Amino acid sequence: PPADIDRLAPSQRYLRGLYSGGTLCAECVAVLQGTLRPLFTNAPVGAAQRIDGVGPSRAHTVLDLGDDLFTVGRLHPMLDPALRAQRIAQEAADPETAVILLDVVLGEGVHADPAGALAPAIAAARAGAAGAGRHLVFAASVCGTDEDPQPRAEQVARLGAAGVLVEDSNVRAVALAGMIAGRDPGFVLPPLRSDTAIRDDADGEGGPAVPEPCDTDRRDRHPEDALLSGPPRVVNVGLEIFADSLRAQGVGVVDLDWRPPADGDRDMIALLERLE
């Protein structure tokens, strides 16, 4: 990272975070809002200032691209990388961008290869910046495990091959990006969170967690417990990929083919409502 800081052009002063979901985006803002200012976001926390994010970024900007404003008439960015790829190109073309921060989320019901889908956009952005005499840094975290349909190790390798600095947690990736954008090589990164450490934390000091005995009488007092104690019963509305993921895990699904009226076009929906 200090070497990355030294390679930045004088104009490169800002961090741009492009998140696929709100939870990790809000965590990022919470970490940065006290150190990078001004900080703009559509998921404001603390001192961060609210923007909708549709227009060009300003100063340090962190966006949740899964916000409803970005998903009207299109798939969520965890399913379709097109919007994030477009935004990567937009931020990379800004001579003030120093580092672009990303999250990659794995699991059932998301893109089959999210890192691989983003890699061409990342490579093109880095090449374009280099052609303009700038060193553009990408930092990312991968949320998932090797047991996911997209094994975490393979996703990390794809990002690394594209020149991305991959950290083992979102907080560390945020801190690394903040260090680079703030040009502060002395910034201390949070401790590593290895899989072993996470398992140890989950087990607790007294060894593996032991479930409490089941209170069978509670089911009579709280009927919802009986519902939750049985196998899931799912009605899938809309995207077939969610139903396919559940079926692959042996879960029964009733699939309802539905899409928003007028494909989510608000003006057309308003016209249709006037006809009713």
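This is a predicted model: local features need pLDDT of at least 70, side-chain atom pairs count only at pLDDT 80 or more; totals for chains, interfaces and linings use all residues.
The charged end of Arg58 sits over the ring of Phe40, 4.9 Å from the ring centre. Residues are numbered from 1 along each chain as its sequence is written, and side-chain values use heavy atoms, with hydrogens and water left out.

Ala59 isn't a glycine, yet its phi is positive, about 45°; look for Ala59 in the loop between β3 (49-50) and β4 (60-64). Then there's the cis peptide bond joining Arg37 and Pro38, with omega at about -5°. Pro38 has its place in the loop between α2 and β2 (39-41). For background, most residues other than glycine have a negative phi, and most peptide bonds are trans. Helices (H or I, at least four residues) and strands (E, at least two) are DSSP runs, numbered from the N terminus.

Now for the helix packing. The axes of α2 (residues 22-32) and α7 (residues 170-181) come within 10 Å and cross at roughly 45°. An axis is a line fitted to C-alpha atoms, for helices over the stretch in contact, and angles run from 0 to 180 degrees between N-to-C directions. Angles under 35 degrees count as roughly parallel, over 145 as roughly antiparallel, 65 to 115 as roughly perpendicular and the rest as oblique, so α2 is oblique to α7. On the α2 side, Leu24, Glu27, Cys28, Val31 and Leu32 meet Asn170, Val171, Val174 and Gly178 of α7, where contact means heavy atoms within 4.5 Å.

Move on to α4 (residues 82-92), whose axis comes within 9 Å of that of α5 and crosses it at roughly 10°. These two helices are therefore roughly parallel to each other. Arg84, Ala85, Ile88 and Ala92 of α4 make the contact with Leu118, Ala121, Ile122 and Ala125 of α5.

Helix α5 (residues 114-131) also packs with α6 (residues 152-161): their axes come within 9 Å and cross at roughly 5°. That makes α5 roughly parallel to α6. Here Pro114, Ala115, Gly116 and Ile122 of α5 touch Gln155, Arg158 and Leu159 of α6.

Conventions: A charge sits over a ring if NZ of Lys or CZ of Arg is within 6 Å of the ring centre and within 35 degrees of the ring normal.
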